[in-house]
Amino acid sequence: MITSNFARTGIFATLITAAGALTAPAWAAEYPTKPIRMIVGFAPGGGTDTTARAISTKLTESLGQQIIIDNRAGAAGNIATDMVAKATPDGYTLLMGTIAALAINPSLYETKLPFDSIRDFAPIVQAVDSTNILSLHPSVAAGSVKELIALAKTRSLNYGSSGVGGTGHLAGELFNTMAGVKMTHIPYKGGGPAMIDLLGGQVQLVFATAASAVPHIKTGRIKGIAVTTAKRSALMPDLPTISEAGLPGFDANNWYGVLAPAKTPRPIVIRLNSEITKVLMMPDVKKFLFNQGLDPAPGTPEQFGAYIKSEMTKWAKVVKDSGAKAN
């Protein structure tokens, strides 16, 4: 009798499992049935927020449900990232993730972060790359990367950034390591103050965002000599990459991408990947992002996940070598 009951129970469980497998795709096909919240870890107006809003407007149209942008600034994106890591994995809470929170902060912060960038998330799609431009004050006697390296070996140079641990800071530390020089980092409370001091000659160079550098390069107030990304930027196509201009293999780009909590159903991840990729490739969206110094960079969820892992490894070494720390 006991064996018979177990057998019946096992058959019943198998039927329930099979039924669930059959209905899961149908349930996923109905997604979404209510508004979706996209958490942004920075204040309105920055690159992360701009990217999220560019995507959300078109995604609202394609999915038939409103995408609500929820700005939760603080701790270099850690607060927002942790919120999504602990959210219900049902596709209704998404993160506009950043290189800072996902790839740099895990090694930069002395205290252990409350989330794991790999374990706690389901990558959906990388959204954009953001080019930084190696920008010099006109008084600096260097017009190329090789000339800058030669100059840095003979005199002291200061470079400004938006703060400790940002891509502008760590791009400079990577440059120091690869070029065998020791430029001094001057952190500011944001990219705006750093650019002001570059314009005034208080610092000699800044690895500046394209959005902040390009207007001043065009007026001749600063010199742009190279971009930090592995590929040339469509915004400044005549500028070489640092890699091709003297430091082969140099690549220090800022990026943003969309993630969901771990265990979000695979059909939802695939649906969102497809829809967001379509949005990023729309001509008007591409033009808008281009004007902000942002290049669409979509791919598969697997590619984005592998990229996050590789970026964590790369920046952990840069953080260690530079001694940079945040609390």
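1. Start with the sheet: six strands make an open sheet, ordered β2-β1-β3-β10-β4-β11, with mixed pairing. At its edges sit β2 (67-71) and β11 (294-296), each pairing on one side only. From one strand to the next the twist averages 30°. On terms, a pair here needs at least two DSSP bridges between the strands, and strands (E, at least two residues) and helices (H or I, at least four) are DSSP runs numbered from the N terminus. Axes for the angles are lines fitted to C-alpha atoms, for helices over the stretch in contact, and angles run from 0 to 180 degrees between N-to-C directions.

2. Bear in mind that this is a predicted model, in which local features need pLDDT of at least 70 and side-chain atom pairs count only at pLDDT 80 or more, while totals for chains, interfaces and linings use all residues. Residues are numbered from 1 along each chain as its sequence is written, and side-chain values use heavy atoms, with hydrogens and water left out.

3. Now the pairings. Strand β1 (residues 36-40) runs parallel to β3, joined by four bridges, and I39 stands opposite L95 in β3. β4 and β10 are antiparallel and share eight bridges, with A122 facing A260 in β10. On to β11: three bridges tie it to β4, again antiparallel, and S130 is opposite L294. As background, strands of a sheet pair through backbone hydrogen bonds, either parallel or antiparallel.

4. How much of β4 is buried? Eight of its 10 residues are, where buried means under 20% relative accessible area, exposed over 50%, and partly exposed in between (1.4 Å probe, protein chains only).

5. Helix α4 (residues 99-108) is mostly covered too, with nine of its 10 residues buried. Among them are I99, L102, I104, N105 and L108. What does the covering? The list includes α3 (78-85), β3 (93-98), β4 (121-130), α6 (167-179), β10 (254-261) and α12 (301-322); contact means heavy atoms within 4.5 Å.

6. I68, in strand β2, is partly exposed at 37% relative accessible area. Leaving aside neighbours within four places in sequence, I68 is in contact with P35, I36, R37 and M38.

7. A few backbone spots deserve a look. The Y31 to P32 peptide bond is cis, with omega near -5°, and P32 lies in the loop between α1 (2-30) and β1. A75 has a positive phi near 55°, and A76 also has phi near 55°. A75 is partly exposed at 39% relative accessibility, and A76 is partly exposed at 32%. For reference, most residues other than glycine have a negative phi, and most peptide bonds are trans.

8. Finally, the whole chain. There are 12 helices and 11 strands, and the C-alpha trace spans about 90 × 40 × 30 Å along its principal axes. Of 327 residues, 50% count as buried. Among contacts between residues at least 6 apart in sequence, 78% join residues at least 24 apart.
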